[in-house]
Amino acid sequence: MDVILFLVFATIAVVCAISVVVQTHPIASALSLVGVMASLAVLYLLLGAEFIAMAQVVVYAGAIMVLFVFVIMLLNAGAESKSGRSLVASWLGIPLIIVFLGLMSFFAQRWLPFADPVRFGAFKGGSPRDIGRALFTQYLLPFEVVSVLILIAILGAIVLARKELD
Amino acid sequence: MEFFVISIIKAAVVAFVLLTTLAYLQWVERKVIAHIQVRPGPYRVGPHGLLQPLADVVKLITKEDVLPPHVNKFAYLMAPFLSVTMALISISVIPFGDQFQAFGYTTWMQLTDLNVGLLFILAISSMGVYGVALAGWASNNKYALLGGLRSSAQMISYELPMSLAIAAPLLMANTLSLREIVQKQGGYAFGFLPQWNIFQGPMPQIFSFFIFIIAAFAETNRVPFDLPEAENELVAGFHVEYSSMKFASFFMAEYANMVTVSSLATILFLGGWQPLFPVTLGSGLVAPAIFAFAGIVCWYHALHPARRGDRKSLPVFGTIFLLLGAVMLVPSVAANFMPLFWFAGKAGFLLFVFMWIRGTLPRFRYDQLMSFAWKFLFPAALLNLLLTAWLVAWVS
């Protein structure tokens, strides 16, 4: 059952990810990205990380991608026209991807030969309580640094927007 | 095997009851609005217009299904599907009542209890925005586009105060499972005051209850925040190009969202299925008393009919109400259905508030809507969360 669900949603994730790149219309790309996020959430669920799965949907699919779609709709961006592809890209693109994937799997095998295979539902420490405790004890400094970083980004956005108004 | 059979039966019952409720909410809303405006409301189809929902369904199904030209077909067809699916899924984690015992089987009055149930509802409802936004964009119509844009901006803005308002009672409940949240609110202070989150110490959640309700009105696009479908500016907003069952799905999604939000407010703040006062003070008699009162009122009006049809229809309803009241006195039935009665009563009252406000308040202006969310509701929710956190930490 788990394996079937994994195969189904992993396939959906990969197909949607390809579709993000292939689609010419920005809204279609954004929607494919939502599909990727949602199927990744299901994969997290299969691992047994319920909180991370829900956070994935709430934050990425529910908030960030809604903003993306909102902006695309607001600008009313039309479909992009396809440019003539460069010869290098069309001839070397696919072989280079295969070589890259091969190198990745080779090094993964080389450096992590004894890593345990992933088991469904075996992920421990994914409950909201555990994550909260880890965030506020072990990882307190990185957590706070990230939040300050986001605050700086928001302030920067406001400053940029203000300048345009004047 | 037994588990599967019970689950399928439960799912079928919940789906049937929910869909019937959605159809009749429409009737109730029209009646409530009509009585607020001193007119009788739907009256032609069936006694007191009771068959009106059925007639509406037949009308909507048999209507011509128009597919306008120049729409983005895929998104246009997916939008109503998406919004009605997302609206109906979230009911699966709502606990309607306590344990249910019948024919030797014991089960919970809830389809499934996730340990992240609350987050699940938030996640599903945040995905519901896509239905509205896509419908507005795919229709290729400026009114629809404006409605969709307004709706997505509004839902993103009001999700923040809503989540913060939800977080405050969670600090007191210390769990994300909806069933456990309700169980934590059982018991009574001083022997009569229920320990619901809006009454319970260390910080009574009365403020976050109101913030939640206000944000919920905006999330469900209801008056006074129904800017996405403001008739006088946008014709019908995001669903202006939809007809037949596709239009009906948006309608159903709106009512299903109302049901979910009312149930969520009941669970988080009003103690779910916990009765208002202890059984020792006679809370078990409330349901029979209400049904008996309704039955007597029906019989009185049947004997003094204001309209011709009342002589035939009202005795039937009066007898049904009296029978229901008598059945609720049977101990085994009462043990199973009393929690459901309290849950339905509280959620039903909140649904009535939705309609009451629709009949009372005018619509906000769009800039008022946004500044209200960001300059008042959000800081208020933040302050409430901070206060609750301090008090909870101080007490423990």
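## Two helices in chain B

Helices H3(B) and H5(B) are roughly antiparallel to each other, a label for angles over 145 degrees, where under 35 is roughly parallel, 65 to 115 roughly perpendicular and the rest oblique. The angle between helix H3 (residues 73–89) of chain B and helix H5 (residues 129–138) of chain B is about 160°, and their axes are 8 Å apart. Axes are lines fitted to C-alpha atoms, for helices over the stretch in contact, and angles run from 0 to 180 degrees between N-to-C directions. Helices (H or I, at least four residues) and strands (E, at least two) are DSSP runs numbered from the N terminus.

This is a predicted model, in which local features need pLDDT of at least 70, side-chain atom pairs count only at pLDDT 80 or more, and totals for chains, interfaces and linings use all residues. Residues are numbered from 1 along each chain as its sequence is written, and chains are lettered from A and ligands numbered from 1 in the order in which they are written.

## Residues where the helices meet

On the H3(B) side, the residues that meet H5(B) include B:Ala75, B:Tyr76, B:Met78 and B:Leu82. Among their partners in H5(B) are B:Tyr130, B:Val132, B:Leu134 and B:Trp137. Contact here requires C-beta atoms, placed from the backbone, to lie within 7 Å. By class, this contact of H3(B) with H5(B) has 13 nonpolar, two polar and no charged residues. Ala, Val, Leu, Ile, Met, Phe, Trp, Tyr, Cys and Pro count as nonpolar, Asp, Glu, Lys and Arg as charged, and the others, Gly among them, as polar.

B:Tyr130, in helix H5 of chain B, counts as buried because it has 24 C-beta neighbours inside 10 Å. B:Met78, in helix H3 of chain B, has 18 C-beta neighbours inside 10 Å and so counts as partly exposed. The cut-offs are 20 or more other C-beta atoms within 10 Å for buried, 12 or fewer for exposed, and anything in between for partly exposed, with C-beta atoms placed from the backbone.

## A hairpin

Strand S1 (residues 97–102) of chain B pairs with strand S2 (residues 105–109) of chain B in the antiparallel sense, over five bridges; pairing requires that DSSP finds at least two bridges. B:Gln99 stands opposite B:Trp108 in S2(B). Two residues lie between the strands of this hairpin, and B:Phe103 in the turn has a positive phi of about 55°.

B:Phe3 belongs to helix H1 (residues 2–36) of chain B. B:Phe3 and B:Thr107 are 104 residues apart in sequence, and their C-alpha atoms are 9.5 Å apart in space. With 8 other C-beta atoms within 10 Å, B:Phe3 is exposed.

## Two loop residues

B:Asn174 is in the loop between helix H6 (142–173) and helix H7 (178–184) of chain B. Its phi is near 65°, a positive value in a residue other than glycine. B:Asn174 has 12 C-beta neighbours inside 10 Å and therefore counts as exposed.

B:Asn221 lies in the loop between helix H8 (206–219) and helix H9 (231–234) of chain B. The phi of B:Asn221, near 55°, is also positive. B:Asn221 is buried, with 24 other C-beta atoms within 10 Å.

## Where the chains touch

In chain A, 16 residues are in contact with 18 residues of chain B. Helix H3 (residues 50–75) of chain A supplies the largest share of the chain A side, 14 residues. By class, that side has 14 nonpolar, one polar and one charged residues.

How values were computed: Contact = placed C-beta atoms within 7 Å.
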